[in-house]
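Trainee: I have a new model to read. Can we go through it step by step?

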Amino acid sequence: MERTATDRFKTAILLLAATGLIAGLAVYFAGRPGIANLIWIAGVVPALAALVVEILRSLRSGEVGLDIVAALSMSAALVFGETLAAAVVAVMYSGGTFLESFAEGRARREMHDLLSRVPRTAARYRSGGLEDVPLDKIAPGDRLLIRQGDVVPVDGAVASEAAFVDTSALTGESLPVRLARGVDAMSGSTNAGEAFDLTATRPAKDSTYAGIVRLVEEAQASKAPMSRLADRWSLGFLAVTVAIAVAAWWFTGDPIRAVAVLVVATPCPLILAVPVALVAGLSRAAHFGVLIKGAGPLEAMARIRTLILDKTGTLTDGRPRIVSIDSRDGMGEDEILRLAATLEQASKHPVAQAIVAAAKARGLALPVPSEVSEMPGEGVVGRVEGRAVVVGGEGFVAGHVGRSAGDSSALPAGSVLVAIAVDGRMTGHLVMADPLREDVGLTLAGLRQEGIRRILLATGDRAEVAERVTQGLGLDGLRSGLTPDQKVLLVLTERKNGPVMMVGDGVNDAPALAAADVGVAMGARGAAASAEAADVVLLVDRIDRLGSGMEIARASGRIAVESVVAGIGLSVLGMIAAAYGYLTPVQGALLQEAIDVAVILNALRALRITPRETATPAAARNPGER
C-alpha cells in the first residue's frame with residue numbers, strides 16, 4: 001500500500017513538471033516569454049520541494065546521495081534565469097525516478113506473482129461435508145479438497161489415487177508432475193488435473209509456500225553491498241561534479257557553464273543501475289527455482305571460489321533405489337518386486353517406500369496384504385493373495401525360513417540387501433543403494449566453468465561409502481565421518497582461501513550453511529532448519545539449478561557494473577563538454593536523460609539472462625518421476 005502511494009506521488013510530480021514544461025513552451029512560442037518563465041517556475045517548484053524533502057530525510061538517516069546534484073542544478077538554473085533548463089531538469093529528474101520505479105516493478109513482477117498466489121481459504125472435509133476455512137485454521141491431519149486450478153494451500157500428502165500438479169511458479173518445471181497416493185505435495189503448486197484430496201502435514205504458517213513468501217519479502221527489503229558501495233562512490237562523484245562546475249565558472253566567469261555541468265550530472269546511473277540489475281537478477285533466479293534471500297547473497301554468489309557439498313540428498317538423491325533384483329528359484333523379477341512391494345505397503349520405512357515406488361513405476365498392480373506384522377528395523381511378515389511372504393534384512397528373513405544368513409560382504413559399500421521369502425522358501429534379493437544424481441557430473445563441470453576452484457565433499461557417512469559414490473567426479477577433497485561441528489570447522493578453514501559456498505539438505509547441515517559465505521539448502525525436500533539457515537534455497541530437487549543460480553548471479557552483477565561504468569563515463573564526458581561551453585543547460589539535461597534511459601534499459605537485460613543447460617532438461621524427464 002505504501003509503495004503504491006509513493007508511486008502515485010512520483011507520477012503526480014512528473015505530470016506537474018511535464019505540464020509546466022509543455023504549457024510554458026506553448027506560451028513562449030505565442031510571444032509571452034515572461035508568463036512562460038512563471039509557468040516553468042511553477043512546474044519546477046513542486047519537484048524541487050519534493051527533492052529537498054527527500055534529501056533531508058536521507059541526511060537524517062546518515063545517507064548522502066546524488067539527489068543533491070539534482071537540487072543544485074534546478075536551484076542554480078532558477079537563480080541564473082535558466083528557467084527552461086530548470087523545467088527540463090525537473091521533468092527529466094522526476095521522469096528518471098518514475099522510470100526507476102517502473103523498472104524495479106518490472107524486475108519484481110515474478111516475485112509479486114509468487115506473492116499474489118497465496119490462497120486465503122481451503123475446502124476442508126468436516127462432518128460428511130465440505131467447509132471453507134481460513135488457512136490458519138488448518139491443522140496436521142485435516143483432509144482437504146484441492147479443486148482443479150486451486151493452489152495447494154499447505155504441505156500435505158496426496159490422499160487420492162493420483163494428482164497432477166503444476167510447480168512451474170515455484171520451480172520453473174514446465175511439465176505437470178504426477179503424484180501417487182501418499183506422495184508429498186508442495187504448497188504453492190497448482191492442481192493441473194482433476195480434483196484430489198490432500199492430508200495436511202503442516203500448519204499453513206510452517207508450510208513450504210509460507211516460508212518462500214517470507215523469504216521473498218525479506219529479499220525485497222534487503223540492500224546489496226554493491227548498492228551501499230554505490231552510495232559511497234556517490235560522494236566522490238558529487239565532489240568531482242562540484243569541482244568541475246566551480247572550475248568552469250571560475251576560469252570563464254560564466255555561471256551558465258556551471259549550471260550546464262550540474263545539469264549533465266543529474267541524476268547519476270550509480271543510483272539507478274545497481275538496484276534495477278540486482279533485483280532483476282533475483283527475479284530471474286526465482287524463475288528458475290533458485291530463491292535467493294536478497295541482493296547481498298546474490299552478489300556473494302558471484303565471488304564464490306570454494307564449494308563444499310553434503311552427500312546424502314545433495315550429491316545423491318537421498319532415497320534408496322533398487323540397483324538389481326536377484327532371483328533364487330526361477331521367479332521373475334517383476335513378480336519378486338510385486339510380492340515384496342505389496343507387503344511393504346504396510347510399512348513407512350524409507351526402504352519399504354522405495355520398493356513400493358519402484359513397483360508402481362513399473363506399472364505393477366499391488367493388492368492389499370493381510371495378516372501383516374512388522375518388526376521395526378528388521379522386516380515385515382504377512383500374506384499376499386494367500387501366500388506367506390517375508391520381506392526384510394537377510395538375517396531376519398533367513399530366520400523365518402529356517403536357514404542361515406548368506407554372506408553379504410561382497411556388496412558395494414553403502415548398499416542395502418533386502419531379502420524376500422515366499423511360502424517358506426528364499427525367493428530372491430533386492431540390492432538397494434542411494435546413487436549419485438544423474439546430473440551431478442555435468443553440474444560440477446559447469447560450476448568449475450563459473451569460476452569454482454575447489455570442490456569438496458563433507459559427509460557424516462563412512463569413507464568407503466563416500467569414495468564409492470563420488471568416484472570419477474574429480475573432487476578436490478573428501479572429508480568423511482564429520483559431525484555438524486566438524487562441518488562448520490571445515491567451512492571456516494576453507495574461508496581462509498576465499499569465499500565458500502556450502503550445499504546441504506539436512507538439519508545437521510544447518511550450522512555449516514550459516515557459517516558459509518553462501519549457504520544453499522536443497523529446499524524441495526530438505527529440512528526446514530537448513531532452509532532457514534541458508535542464504536539460497538533450491539525449490540526444485542535438482543542440483544543443476546545451483547549452476548543456474550551462480551550463472552545468473554555473475555551475469556546480473558556484471559550487467560550492474562557495466563551500466564555504472566558506462567553511465568558514469570558518459571556523464572563525466574558530458575560535464576567536460578559543458579564546462580568548455582559545448583552544451584547549454586537544456587542540451588545537458590536532454591543528454592543526461594538519454595544516458596539514464598540507456599543505463600536502465602541495459603540493467604533490465606538481467607531479466608533476459610538464460611543460464612545454459614547443465615543437465616537433462618525437465619521436458620525430457622519422466623513427468624511421473626519422483
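Mentor: Start with a definition. Axes are lines fitted to C-alpha atoms, for helices over the stretch in contact, and angles run from 0 to 180 degrees between N-to-C directions. Helices (H or I, at least four residues) and strands (E, at least two) are DSSP runs, numbered from the N terminus. The model is predicted: local features need pLDDT of at least 70, side-chain atom pairs count only at pLDDT 80 or more, and totals for chains, interfaces and linings use all residues. Residues are numbered from 1 along each chain as its sequence is written, and side-chain values use heavy atoms, with hydrogens and water left out.

Trainee: How many helices and strands does the protein chain have?

Mentor: Count the DSSP runs just defined. In the protein chain they come to 22 helices and 22 strands.

Trainee: What percentage of the 626 residues in the protein chain is buried?

Mentor: Buried means under 20% relative accessible area, exposed means over 50%, and partly exposed lies in between (1.4 Å probe, protein chains only). By that cut-off, the buried part of the 626 residues is 51%.

Trainee: At roughly what angle do the axes of helix H21 and helix H22 cross?

Mentor: Helix H21 covers residues 544-579, and helix H22 covers residues 585-603. Their axes come within 9 Å. The crossing angle is roughly 170°.

Trainee: Is H21 roughly parallel or roughly antiparallel to H22?

Mentor: Angles under 35 degrees count as roughly parallel, over 145 as roughly antiparallel, 65 to 115 as roughly perpendicular and the rest as oblique. The axes cross at roughly 170°, so H21 and H22 are roughly antiparallel. Contact means heavy atoms within 4.5 Å. Residues making this contact include Ile559 and Leu570 of H21, and Leu591 and Ile595 of H22. The word you asked for: antiparallel.

Trainee: Which residues does Leu78 touch, not counting those up to four places away in sequence?

Mentor: Leu78 sits in helix H3 (residues 67-79). Leu78 is partly exposed, at 23% relative accessible area. Leu78 and Ile41 are 37 residues apart in sequence, but their C-alpha atoms are 7.5 Å apart in space. Beyond four places in sequence, Leu78 touches Ile41, Val44, Leu48, Thr83 and Ala86.

Trainee: How many salt bridges are there?

Mentor: Use the rule: a side-chain nitrogen of Lys or Arg within 4 Å of a carboxyl oxygen of Asp or Glu. By this rule the count is 19.

Trainee: Which residue forms a salt bridge with Asp197?

Mentor: The closest N and O atoms of the pair are 3.0 Å apart. Asp197 lies in strand S9 (residues 196-200) and its partner in strand S3 (residues 143-146), so the bridge ties together parts 54 residues apart in sequence.

Trainee: What is the phi of Ser127, near which value?

Mentor: Most residues other than glycine have a negative phi. Ser127 is in the loop between strand S1 (121-126) and strand S2 (129-134), and counts as exposed at 78% relative accessibility. Its phi is positive, near 55°.

Trainee: Which helix gives the largest share of the nonpolar patch?

Mentor: Patches are made of residues with over 30% relative accessible area and no salt bridge: like charges are joined within 9 Å, nonpolar side chains (Val, Leu, Ile, Met, Phe, Trp, Tyr) within 5 Å. Here Leu72, Val242, Val246, Trp250 and Phe251 form the patch, with about 590 Å² of accessible area together (Shrake-Rupley method, 1.4 Å probe; for residues, only the protein chains shown count as cover). Val242 is partly exposed, at 34% relative accessible area. The largest share, 4 residues, comes from helix H8.
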